[in-house]
Amino acid sequence: MKLKALIFFLTIALSAFSETPDWVKNQGKSLRFPDQMYITGFGMAKVSKEQQKVDAQKLAVDNAKRNLIEKVRVTIQSTVTSKTEEQNNSLASTFSTATQSSANLELQGMQTDSYYDDDDEMYYGFTSVSKEKLSSGYKEKETTIRKDISDHLVSAKRMIDANNVPKALDEYLMCYPLFRSLDEIHAILSVCGRAFDELEQSIDRKS
């Protein structure tokens, strides 16, 4: 009797484990990852003689990552457009820089998953990142970069006071890539901030 019960529960567990994820059925949409709280990506890769299963799995996940990052870039561009229209033209170059810096985004904290469909011989990839964690992580990164910039500027002033202009110039030049990093961080934070605003408005409408 105990053996039959064990077999029954194992069957149920295996059935649940092998169930097709909802993000496969809904092509990237999942109840576990609502748009207000997560950014998600979806990708596919067909398994063939040329494309082995391991390679197809990696390709599917890579496609999902690219899809997620492209969503972020589109949102950044949309935010930049609206901000440019709201503000005067003198800020247009700043927003343009933010758009350019989003071209090669590498988001922190992305989680990945994959699923293989035997019938279709297709691998599906899924990526997700929490907007809250993304925002928190990049705010910490922003604080660190701002400190680095400040340190370089202090060092540059010290070099100028010592009449060591070449060393001062080196310190100033080290700030340039840091400012570019800040542009990317601000672009990402603008996406998270916009998402949180939309979530708060949704909650207010329901209350």
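1. Let's begin with the aromatic rings. This is a predicted model, and a search of the whole structure turns up six aromatic pairs. One of them joins W23 and F42 edge-to-face, with 6.4 Å from centre to centre and 70° between the planes. W23 belongs to helix 2 (residues 22-25) and F42 to strand 1, so this pair ties together parts that lie 19 residues apart in sequence. W23 and F42 are each buried.

2. W23 has another ring partner, F126. Why does the pair of W23 and F126 count as stacked? The ring centres are 5.0 Å apart and the planes meet at 20°, so the pair is stacked; the cut-off for stacking is under 30 degrees. Here distant parts of the chain are linked, since W23 sits in helix 2 and F126 in strand 3, 103 residues apart. Both of these residues are buried. If you want to display the whole group, ring pairs join W23, F33, Y38, F42, Y124 and F126 into a cluster.

3. Now the overall layout. The chain contains six helices and three strands, and along the sequence they follow the pattern α-α-β-α-α-β-β-α-α. Of its 207 residues, 33% count as buried. Among contacts with a separation of 6 or more, 67% are between residues 24 or more positions apart.

4. The three strands make an open sheet in the order 1-3-2, with antiparallel pairing. Strand 1 (38-46) and strand 2 are the edge strands, each pairing on one side only. On average, neighbouring strands of this sheet are turned by 15° against each other, direction ignored.

5. Strand 1 and strand 3 run antiparallel and are joined by nine bridges; M44, for example, has Y124 in strand 3 as its bridge partner. Strand 2 (residues 111-117) pairs with strand 3 (residues 122-130) over seven bridges, again in the antiparallel sense. There, Y116 has Y123 of strand 3 as its bridge partner. Strand 2 and strand 3 form a hairpin with four residues between them, and E121 in the turn has a positive phi of about 50°.

6. Please also look at T40, which is placed in strand 1. Is T40 buried or exposed? Its relative accessibility is 3%, so T40 counts as buried. Apart from neighbours within four places in sequence, T40 is in contact with G28, F33, N67, L68, K71, F126, T127 and S128.

7. Next comes helix 5, which lies across strand 1 and strand 3 and runs at about 55° to strand 3. Helix 5 has 31 residues and reaches 45 Å from its first C-alpha to its last, close to the 45 Å expected at 1.5 Å a residue. Its buried residues are K131, L134, S135, Y138, E142, I145, I149, H152, S155 and A156. After helix 5 comes N163, with a positive phi near 60°.

8. A156, in helix 5, deserves a note of its own. At 0% relative accessibility, A156 counts as buried, because the cut-off is under 20%. Its C-alpha is 4.2 Å from that of A168, although A156 and A168 are 12 residues apart in sequence. Leaving out neighbours within four places in sequence, A156 is in contact with A168, E171 and Y172.

9. In soluble globular proteins, nonpolar side chains tend to be buried together. The largest core in this model has 20 residues, and I39, V72, L107, L134 and Y138 have the most contacts inside it. Helix 3 (53-86), helix 5 (131-161) and helix 6 (165-206) are the elements that give two or more residues to this core. Which helix provides the largest share of this core? Helix 6 does, with nine residues. A second, separate core has eight residues, including W23, F33, Y115 and F126.

How values were computed: Residues numbered from 1 in each chain as written. Predicted model: local features only at pLDDT ≥ 70, side-chain atom pairs only at ≥ 80, totals over all residues. Heavy atoms only, no water. Pairing = 2+ DSSP bridges. Core = buried A, V, L, I, M, F, W, Y, C linked by side-chain atoms within 4.5 Å. Buried < 20%, exposed > 50% of the residue type's maximum accessible area, 1.4 Å probe, protein only. Axes fitted to C-alpha atoms, helices over the stretch in contact; angles between N-to-C directions. Contact = heavy atoms within 4.5 Å. Expected span 1.5 Å × (residues − 1). Phe/Tyr/Trp six-rings, centres within 6.5 Å; stacked < 30°, edge-to-face > 60°.
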